[in-house]
Structures are given as structure tokens and as C-alpha cells.
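Here's a quick briefing to read with the model open beside you.

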Amino acid sequence: MTEMGENESYAERFAGSSEQAKNAWEATIQDMKGMAAELEEGGWSTTAIAAVDTAPNSPEVGNPDRFGFVYVIPDNFADQFVDVFDRGHEEGGEFQEYEVYRSEVGEHVFQVTVLYDEPTANAILLAGSYELINAQDLMRAALDQGAMFTHVQTLDQTALGSFQHEGWEHFFPNARQRLDE
């Protein structure tokens, strides 16, 4: 049971945390838009999407062959995403290059994953957030498998595209230390 004392109450801490999370999410979206603008100045075409939900799915959740971050994107971005994703794969790019920009605010992680398809000069930027406590099993699976995946789907679970990443380190810096805690 939550106790109240001279320090701030649970409700006050939660409200403050929510306000911090809201501000961090807005900053993440602004950062994503700024990155997209810089890429476009460099000749890239970009598709920047803020996910409505980001789930760190471990192999124990759902399909054991489909682990990684699952970004749920709004339906109105689905066609645009599929066009860029399909074009990249048809022209041999497959978005093998990627970067992850992340920050932690309290127990939340806010990240932008940038997926590059150099042959077509297209980049997909995905903004998402999740709670660290929900990522422990995925972190362990990524270390065990030595790989990481990003999946994109709509709210009705229509799979739009998946990306395999050669490493997990950009997604989970300090993962070994976190799992030992």
C-alpha cells in the first residue's frame, strides 16, 4: 500500500512522471522531425512516423520467431510505409543500415530508429517509447540470439514490414549490467 508522508505522494510523483514522459515524447518527435529534415537536405527521401504504441516483444510472447520491437503505426501512415519498404526490397536495398537514438527519462525509454536504404536513398524514421521494466525479456533474448528485429504493424495487427539488425547493442546499451541487477 502506498504511504503518504512528508515527501510527495505517489499521485504527485506519478503526475510528475507523466508530465516528464509527455515532454520527453514531444521532444522525441521533434528530434525525429529534425533528423528527417537533415536527411532530406542531404538528398534522402524520408518517412517519419511516431508509433501509437511500441512493444518490446520477447520470444515468449506470441510467435517465438518474431521477437523485437513492435511499432504500431497509425493506419493513415500504413500505405506510405509499405510503399517505401517494398521499394527498398524490390531494388535490393533491404534497409541494412540503421541507427538508434535513445534517451531514458525515469523508467521510460524514448527512441528513434532510423533505417537507411542507400540504393534508393530512402530512410524510415520510427519514434517510439516503452517502459524499461517491460523490455527485460526482450533484452535477454537479443543477447542470447545476437540479433534484434524491428517490426511495424497497424493496430489491427496487420504486419507491414520487418527489419533484422545485426546487433542489439544500439537498442540496449548496458544490457548486461541491467540484466545482472
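This is a predicted model: local features need pLDDT of at least 70, side-chain atom pairs count only at pLDDT 80 or more; totals for chains, interfaces and linings use all residues.

Residues are numbered from 1 along each chain as its sequence is written, and side-chain values use heavy atoms, with hydrogens and water left out.

**Nonpolar cores**

- The largest nonpolar core has 35 residues, and the members touching the most others are Phe69, Phe81, Ile124, Met148, Val152, Phe163 and Phe172.
- Helix H3 (residues 136-145) gives this core its largest share, five residues; helices (H or I, at least four residues) and strands (E, at least two) are DSSP runs, numbered from the N terminus.
- A core here is a set of buried Ala, Val, Leu, Ile, Met, Phe, Trp, Tyr and Cys residues joined through side-chain atoms within 4.5 Å, where buried means under 20% relative accessible area, exposed over 50% and partly exposed in between (1.4 Å probe, protein chains only).
- Leaving aside residues up to four places away in sequence, Ile124 touches Thr47, Phe81, Val84, Phe85, Phe95, Thr113, Val114, Leu115 and Phe163 (contact means heavy atoms within 4.5 Å).

**Pockets**

- The largest pocket holds about 220 Å³ of space, and its lining is made up of His89, Glu94, Phe95, Gln96, Glu97, Tyr98, Ser162, Phe163, Gln164, His165 and Glu166.
- A pocket is an open set of points on a 1 Å grid over the protein atoms alone, where a 1.4 Å probe fits, with protein on both sides within 12 Å along at least five of seven lines; lining residues have an atom within 4 Å of a point.
- Strands E4 (97-105) and E8 (159-165) each put at least two residues into the lining of the largest pocket, with E8 giving the most, four.
- That lining splits into three nonpolar, five polar and three charged residues (Ala, Val, Leu, Ile, Met, Phe, Trp, Tyr, Cys and Pro count as nonpolar, Asp, Glu, Lys and Arg as charged, and the others, Gly among them, as polar).
- The second largest pocket comes in at about 160 Å³, and among its lining residues are Trp25, Asp53, Pro56, His108, Tyr130 and Asn134.
- For the second largest pocket, E6 (122-131) and E2 (53-57) each supply at least two lining residues, and E6 has the largest share, four.

**Aromatic pairs**

- Searching the whole structure turns up 11 aromatic pairs; rings of Phe, Tyr and Trp (its six-membered ring) pair if their centres lie within 6.5 Å, with planes under 30 degrees apart counted as stacked, over 60 as edge-to-face and the rest as tilted.
- Phe85 and Phe95 are stacked, because their ring centres are 6.5 Å apart and their planes sit at 5°.
- Phe85 is in helix H2 (residues 75-90) and Phe95 in the loop between H2 and E4, so this pair ties together parts 10 residues apart in sequence.
- Both are buried: Phe85 at 10% relative accessibility and Phe95 at 1%.
- Tyr98 and Phe171 are stacked too, with ring centres 5.8 Å apart and planes at 15°.
- That pair links distant parts of the chain, 73 residues apart: Tyr98 is in strand E4 and Phe171 in the loop between E8 and helix H4 (175-180).
- Tyr98 counts as buried at 14% relative accessibility, and so does Phe171 at 0%.
- One aromatic cluster is formed by Phe69, Tyr98, Tyr130, Phe171 and Phe172.

Methods:
Grid points are joined across faces, edges and corners, and a volume is the space filled by probe spheres set on the points.
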